[in-house]
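Dear colleague,

I am handing over the structure that you will find just below, and after it I have set out what was found. Please read the notes with the structure open beside them.

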Amino acid sequence: MADSFPIDDDEIDVEDIEIRLLLEAIFQMYGYDFRSYSKASIRRRIMHRLGMSGFSSIMEMTDKVLRDRRFFVTLLNDLTVNVTEMYRDPEFYRAFREEVIPVLKTFPFIKIWHAGCSTGEEIYSMAILLEEEGLYDRAMIYATDIDKNVLAAAKKGIYSIEAVKQYGDNYRRAGGRHSLSDYFTARYDSVIMDQRLKRNIVFADHDLATDQVFGEMHVILCRNVLIYFDRALQERVIRLFVDSLDMGGYLCLGTKESLKFTGQEEAFEMINPSLRIFRKRQIRHS
Amino acid sequence: MGPVKAVVMGASWGGLNAYTQVLAALPASFPAAILLVQHQHASSENRLPWLLGRYCDLPVIAPEDKEPILPGHVYVAPPGYHMLVDQDETIAFSVGKQVHFSRPSVDELFFSAGVVYGDRLAAVILTGANDDGAAGIEYIHRRGGFTIAQSPVSSEAPTMPEAAIKTGAVSRVLDLEKIGPYLAERLQGS
């Protein structure tokens, strides 16, 4: 039988204060700003790391974070949730191909911002899609993430062969025209993406919580990033996207993310309601 | 103990049948919100809210991120996402790592709900073939919440309720057909 001493509301309040102090320490020491993230999910990830690390309190872990950069990098990796895959939600990529690509084909040049690109799987997915549609040579993909470590991995484009088997299935369901294996070279138990796919990708670190507008974009993809933010930060980020998009530009969110609670619904028309593809209205309703 | 504001439930193998029975026994006047996790494959179509809605007098919802949690509504975790309760009693999602090989995971929902609702929470562990939810049940118990497990003999797969009962943190073990009526009666009076 496990220990069952009660955890009262005061204890929860103490933990909340400790979490705020930890996030403040991270911001002041390392410049990463998690202070406006969804409390529920940031707490789960901090408690998970606390349980693994053996520290007796969040305060004790905060001290370690301040003094040990390597421990901070471990925690950073927990906090940024780098779970992704190629052609994640294949139906989304199929809809993008069918509903967005025909419009992009009428543009002389296409600028795409992928905010929160993590380890890059979805960046290469988009590059391949554009290549197959004959659009890649007039496209530029701006791949950004808060975490420089995952950006370095994204730049390398090396993935495990196990994972890539699953991606092949996604690729077909996403409407891929060839075989995914045409776009990588297998080496032992990993694959490296075709280096030519990188020719029109710019990798840059960008923090949606603190950094500013990014170019005059035709498409912004930000999928399963907003779910980690609190409502105020979501509002900030959506405003940032409105300001970064060209008139008629597309915004693609994760399938559970909505504009409903951000006060910015008016700025967009819904292109595909279930796969969360929006288009910035030509005329702003004010 | 104050009035129960929310009931969280978790199930895996055999869960559809179990949820159908439990929800069918709840009156339209049920005073608490219900949040539930059913283990399912990430690529499954999200038909569960529709299926459960056919057997239930309460509105069954496939929630959006930041959706406010309302009394008398049933919120079903979507396949591929962890569903959590945030401090302001709204729904939060995460696509973090699988927990107990599952996303959604029962523990993720239970821990987050335990933080927010404390002793105004009831938790129910139903049939299932792994031990997801046991740690969450223990946490909810320590927060003063009320905990129920489906009796292993009435479970299609007994592992999940057994693991929860083994923690010593389950307040009531009930046969499947008793769980709905018990919740209805206990919460109507609360």
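How many residues does the contact take from chain A and from chain B? It takes 37 residues from chain A and 33 residues from chain B, where contact means heavy atoms within 4.5 Å.

Please keep in mind that this is a predicted model, in which local features need pLDDT of at least 70 and side-chain atom pairs count only at pLDDT 80 or more, while totals for chains, interfaces and linings use all residues. Residues are numbered from 1 along each chain as its sequence is written, chains are lettered from A and ligands numbered from 1 in the order in which they are written, and side-chain values use heavy atoms, with hydrogens and water left out.

The area buried between chain A and chain B (the accessible area, with a 1.4 Å probe, that two parts lose on being put together, summed over both) is about 2900 Å², and carbon and sulfur atoms give 51% of it. On the side of chain A, the residues that lose the most area to chain B are A:Ile7, A:Arg44 and A:Lys256, which together make up 25% of what that side buries.

Three salt bridges are found across this interface, a salt bridge being a side-chain nitrogen of Lys or Arg within 4 Å of a carboxyl oxygen of Asp or Glu. The side chains of B:Arg143 and A:Asp9 form a salt bridge, at 2.8 Å from N to O.

Away from these counts, A:Asp147 is in contact with A:Tyr32, A:Leu76, A:Thr80 and A:Asn82, if its neighbours within four places in sequence are left aside.

With best wishes
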